[in-house]
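This report describes selected secondary-structure elements and the pairing between strands. The sequence and structure are shown below.

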Amino acid sequence: MTQETEDLDGLVRKRIRALRVAQGWSLEELAGRANLSQSSLSRIENGQRRLALDQLVTLARALDTSLDQLVETAADDVVISPAVDAAHGRMRWPVKGDPGLSVVRQRLVEPPPENPARMRAHPGREWLVVLSGTAILMLGHRRLRIETHQAAEFPTMMPHAIGAAGAPCEILGIFDRDARRGHRDEDADDGTKQRPA
């Protein structure tokens, strides 16, 4: 057995035990859920029994996780640097675990548009939190104040726009693939429009 295989083997065993303990389950409870004997599960956790693929699949299901997550190793590129879009005052980080998601930090200085025709709608969902200041979220006919540390989540098919409430504010947003695509299309416009949410 190579060092890398031994490391993975030990990691999986620790993960099984940690997930069991996090659920508040005894060896007996998890063994019952996984159709294993309590002694077999104990030997798996303690490294006294070989890890078999069929048992790992069963244990993953019993622990409400996937086999991929159970055997996942730490990636070398844990730290992610942002892509900076100075023209729009944004930083964007991809989410490796879900390539469809993006995290964006933006400084807003302008209020949202008063004209409903300037609000946008597109497929997707967005979630945002105000890091500092106060933001105004125009959502359909509603005008919502979002204070520092408050968050909003909404479907982007609802006409929407976001801006600052008097003074600059910073927001952190999470966009699914469709919402990100909708904003990329907006950024391709002439650049004079206020950034919708």
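Which residue stands opposite Ala151 in strand 7? The model examined here is predicted, and in it Val129 takes that position.

## Strands 4 and 7

Strand 4, residues 125-132, is joined to strand 7 by 5 bridges, and the two strands run antiparallel. The pairing of Val129 with Ala151 places these two residues opposite each other.

In a regular strand, side chains alternate between the two faces of the sheet. Strand 7, residues 151-155, has a covered face formed by Ala152 and Phe154, whereas Ala151, Glu153 and Pro155 belong to the uncovered face.

Three strands make up an open sheet in the order 6-5-8, with antiparallel pairing. Strand 6 (142-146) and strand 8 (160-164) stand at the edges with a single partner strand each, so one side of each lacks a neighbour in the sheet. From one strand to the next, the twist averages 20 degrees.

Strand 5, residues 135-139, runs antiparallel to strand 8 and is connected to it by 5 bridges. Within this pairing, Leu137 has Ile162 of strand 8 as its bridge partner.

## Helix 4

Helix 4 spans residues 53-62, and its buried residues are Gln55, Leu56, Leu59, Ala60 and Ala62. These residues lie on the same side of helix 4 because they cover an arc of only 160 degrees around the axis. On the other side of helix 4, Leu53, Asp54 and Arg61 are exposed.

Asp64 follows helix 4 and has a positive phi, near 60 degrees.

Notes:
Residues numbered from 1 in each chain as written. Predicted model: local features only at pLDDT ≥ 70, side-chain atom pairs only at ≥ 80, totals over all residues. Heavy atoms only, no water. Buried < 20%, exposed > 50% of the residue type's maximum accessible area, 1.4 Å probe, protein only. Helix = DSSP H or I, 4+ residues; strand = E, 2+ residues; numbered from the N terminus. Pairing = 2+ DSSP bridges. Axes fitted to C-alpha atoms, helices over the stretch in contact; angles between N-to-C directions. Arc of directions from axis to C-beta.
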